[in-house]
Amino acid sequence: MNVESVTLRRIRMPLKKPFVTHAGSVKERELIIIETADCEGTTGYGEVTAFSTPFYTAETITTAWHMLTDIFLPAVHWADISHPKELPDRLSGFQGNQMAKAGLEASLWDLYAKQKNVSLSKLIGGTREAVETGVVISLTDDLEDVLEGYLQEGYQRFKVKVNKYDEKKMLLKIQELSQGIPLMIDGNGVYQQEDLSHLKALDELHLQMIEQPFRPGDFYLHQTLQKEMDTPVCLDESISSYDDAFQALSMDSCRIINIKASRVGGLSEAIAIHDLCVESNVPVWCGGMVESGISRAHNIALASLPGFSIPGDISSSSRFWERDLIQPEVFVEKGSIAVPEKPGIGFNIDYEYLDYITTESFTFHK
Ligand code: OSB
Ligand code: MG
């Protein structure tokens with residue numbers, strides 16, 4: 001791939017309004033944008049979607065910066081890398097830190113697709129011209145206010161963050177306002193063993209699924225719930241690798257998987273999980289990380305694979321941002337986003353805005 005340099009930019013993007021879950025609130029989104037350049041000056045972009053604090057997974061933007069600058073970038077023999085899928089193997093001696101690894105791999109995928117003059121979607125075997133999508137309602141959003149706009153954009157599924165034991169009122173209100181659009185909740189691991197019967201009682205709401213009710217790592221409790229519940233269980237935080245997905249499906253701990261390339265350590269691992277789920281007849285959807293357009297563009301390519309048969313969390317740029325980092329911005333119409341046909345991720349970088357929100361940068365030369 002002739003990688004010459006890798007530039008990291010730490011950025012701060014102001015959100016229109018805070019994104020709130022029971023575990024944490026994001027007011028300003030810190031991210032790391034990674035630019036990989038080859039010897040001809042072609043550039044690829046990726047994004048590290050860890051948060052400023054470890055409320056979702058253990059990584060943070062600061063730990064990812066450290067891993068990349070001090071450990072991962074110097075450890076790779078860049079001259080030997082001929083395809084992005086070789087990166088995970090070169091970094092396999094280092095435990096965890098999936099989001100740092102995934103951001104770097106993403107920048108290589110965009111670069112490689114541009115070198116081959118093909119869209120990232122086509123490169124990985126995407127079959128969709130448009131991806132169907134849903135949107136997430138955060139805990140403090142005013143329901144009437146946000147639902148009206150989301151209904152106009154045609155989102156095909158609503159997902160809500162919940163307050164434990166106070167879910168039902170909110171869900172009934174959304175169902176009343178949302179014209180039969182599928183509805184699901186995301187527990188982010190807030191429930192415990194004593195909540196099994198409480199969760200089972202949610203069957204009466206006919207939710208599309210319930211995402212990550214128990215803590216990551218607890219395949220047993222998810223299995224127990226799925227045995228007793230008609231509503232499909234979907235795993236998010238529990239799946240940080242192909243092996244986790246294999247375990248979850250073998251144990252029937254879930255019937256749906258939310259795939260985030262960042263959570264599983266990169267696009268190669270995400271594709272492997274997708275392929276396993278297709279073989280096992282388990283539908284998947286693409287999760288979101290309150291990310292910039294760069295990561296959103298990668299998600300669109302991933303979600304164009306055939307197994308992504310459920311609308312994901314890929315909202316329009318305007319869901320979170322006054323101004324996004326890409327041109328054109330991501331636009332949802334009738335609940336779908338067109339998959340770009342241009343090379344790589346298929347969006348241009350808004351360099352002026354990127355410079356404006358950069359707080360620190362670092363360039364590694366091979
Ligand atoms: O659990 O899917 C999650 C946002 C931050 C942290 C964790 C999660 C989320 C979301 C996705 O629900 C929000 C989005 O990007 O649309
Ligand atoms: Mg989730």
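This is a predicted model: local features need pLDDT of at least 70, side-chain atom pairs count only at pLDDT 80 or more; totals for chains, interfaces and linings use all residues.

Me: At about what angle to S1 does helix H1 run?
Reply: Helix H1, residues 61-75, lies across S1, S2, S3 and S15. Taking the N-to-C directions of helix and strand, H1 runs to S1 at about 175°.

Me: Which strands stand at the edges of the open sheet of 4 strands, and why is one side of each left without a neighbour in the sheet?
Reply: The strands of this sheet follow the order S3-S2-S1-S15, with antiparallel pairing. Each edge strand has a single partner strand, so one side of each is left without a neighbour in the sheet, and the strands concerned are S3 and S15 (358-365).

Me: Which residue in S15 stands opposite Val6?
Reply: S1 and S15 run antiparallel and are joined by 7 bridges. Within S15, the residue that stands opposite Val6 is Phe364.

Me: Which strands are the edge strands of the open sheet of 7 strands?
Reply: The order of that sheet is S5-S6-S7-S8-S9-S10-S11, and its pairing is parallel. An edge strand pairs on one side only, which applies here to S5 (135-137) and S11 (284-286).

Me: How is the protein chain divided into domains, and which element gives the largest share of the side of domain 1 that touches domain 2?
Reply: The domain assignment gives domain 1 as 3-117 + 348-365 and domain 2 as 122-338, and their C-alpha centres lie 23 Å apart. The contact takes 34 residues from domain 1 and 33 residues from domain 2. On the domain 1 side the residues divide into 20 nonpolar, 6 polar and 8 charged, and the largest share, 8 residues, comes from H3.

Me: How many charged residues does the shell around ligand 1 have?
Reply: The residues around ligand 1 include Tyr56, Val136, Asp186, Asn188, Asp236 and Asp313. By class, the shell has 4 nonpolar and 4 polar residues, while the number of charged residues is 3.

Note on methods: Residues are numbered from 1 along each chain as its sequence is written. Chains are lettered from A and ligands numbered from 1 in the order in which they are written. A residue is near a molecule or strand if its C-beta atom, placed from the backbone, lies within 6 Å of it. Ala, Val, Leu, Ile, Met, Phe, Trp, Tyr, Cys and Pro count as nonpolar, Asp, Glu, Lys and Arg as charged, and the others, Gly among them, as polar. Domain bounds come from an automatic or database domain assignment. Two residues are in contact if their C-beta atoms, placed from the backbone, lie within 7 Å. Helices (H or I, at least four residues) and strands (E, at least two) are DSSP runs, numbered from the N terminus. Two strands pair if DSSP finds at least two bridges between them. Axes are lines fitted to C-alpha atoms, for helices over the stretch in contact, and angles run from 0 to 180 degrees between N-to-C directions.
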